[in-house]
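Student: Hi, could we walk through this structure together? I'd like to start with how some of the strands pair up.

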Amino acid sequence: MAKLSRSEFLKSTGAFGLGVLGASTPSSLSASTQGVFSETAPDLIVVGAKVYTVDESLPRAEAFAVRNGRFLAIGSSADIRGLATGRTEVIDASGMTVTPGFIDAHTHPAWGGMAELVNVNCDLRSIAAIKDALRERASKTPPGEWIIGFKYDDTKVSDGRQIHISDLDE
């Protein structure tokens, strides 16, 4: 395989932002880069979309190309379509919106529902209200069993202070 400069390699992978810098397409690559392009051609191209990129320099686009789960290029549908080879899957999004993945890294749906049933929701706006909720649960709890509160947020309590052990002892 021919040794390529960094610039030739990046252009052949589409990493230069096609619409902005005019990266090469397969038909216009030199003979020395043709083999590299086939090895770095996208597995997937999505065209005709409303792409929100989360990149301030290019906040919106129509299309993107992916290889091995990583973005190769983003830009207009015409530019990105030019990167396709015979093995590239091309999806026409027909104007659908494509956003970055939303990942909720902290979720407890089953436990959250159970907590509402067996514990005390302390998402209340005064220490007096929290103490009343704890008292009510204590009246239904067998002696020696723990009472557990959750969702306490001292920044939401109107009393201007944090709950204290003396409050809980009451």
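Student: Which residue is the bridge partner of valine 51 in E3?

Tutor: In this model, which is a predicted one, valine 51 has alanine 61 in E3 as its bridge partner. Strand E2, residues 50-52, is joined to E3 by two bridges, and these strands run antiparallel.

Student: Okay, and which strands form the open sheet that E2 and E3 belong to?

Tutor: That open sheet has three strands in the order E3-E2-E7, with mixed pairing. Its edge strands are E3, which covers 60-61, and E7, and each of these pairs on one side only.

Student: Where is threonine 53 found?

Tutor: Threonine 53 is found in the loop between E2 and E3, and its side chain reaches the backbone nitrogen of aspartate 55 at 3.1 Å. A polar atom of the threonine 53 side chain also lies 2.3 Å from the backbone oxygen of leucine 58.

Student: And what does threonine 53 touch, not counting residues up to four places away in sequence?

Tutor: With those left out, threonine 53 touches Leu58, Pro59, Arg60, Ala61 and Ile74. Ala61 in that list is also the bridge partner of valine 51.

Student: Switching topic, what is the order of the strands in the four-stranded open sheet?

Tutor: The order there is E5-E4-E1-E6, and the pairing is again mixed. E5 and E6 are the edge strands, each pairing on one side only, and neighbouring strands of this sheet are turned by 15° against each other on average, if direction is ignored.

Student: How many bridges do E4 and E5 pair over?

Tutor: E4 and E5 pair over five bridges in the antiparallel sense, and alanine 65 stands opposite alanine 73 in E5. These two strands form a hairpin with two residues between them, and asparagine 68 in the turn has a positive phi of about 50°.

Student: Which residues make up the largest nonpolar core?

Tutor: There are eight residues in that core, namely Ile45, Val47, Ala63, Ala65, Leu72, Ala73, Ile80 and Leu83. Strand E1 (44-47), strand E4 (63-67) and strand E5 (70-75) each supply at least two residues of this core. A second, separate core has seven residues, including Ala49, Phe64, Val66 and Ala93.

Student: What about serine 94, is it buried or exposed?

Tutor: Serine 94 has a relative accessible area of 62%, and because the cut-off for exposed is over 50%, serine 94 counts as exposed. Its place is in the loop between strand E6 (89-92) and strand E7 (97-98).

Student: So which residues does serine 94 touch, leaving out those up to four places away in sequence?

Tutor: Serine 94 then touches Val47 and Gly48.

Student: Last one, how many helices and strands does the protein have?

Tutor: The secondary structure comes to seven helices and nine strands. Buried residues make up 29% of the 170 residues, and the accessible surface comes to about 11,200 Å², of which 56% belongs to carbon and sulfur atoms.

Terms used. Residues are numbered from 1 along each chain as its sequence is written. This is a predicted model: local features need pLDDT of at least 70, side-chain atom pairs count only at pLDDT 80 or more; totals for chains, interfaces and linings use all residues. Side-chain values use heavy atoms; hydrogens and water are left out. Buried means under 20% relative accessible area, exposed over 50%, partly exposed in between (1.4 Å probe, protein chains only). Contact means heavy atoms within 4.5 Å. A nonpolar core is a set of buried Ala, Val, Leu, Ile, Met, Phe, Trp, Tyr and Cys residues joined through side-chain atoms within 4.5 Å. Two strands pair if DSSP finds at least two bridges between them. Accessible areas come from the Shrake-Rupley method with a 1.4 Å probe; for residues, only the protein chains shown count as cover. A polar contact is a pair of N or O atoms within 3.5 Å; within protein, one must be able to donate a hydrogen and the other to accept it, and residues adjacent in sequence count only if both atoms are side-chain atoms. Axes are lines fitted to C-alpha atoms, for helices over the stretch in contact, and angles run from 0 to 180 degrees between N-to-C directions.
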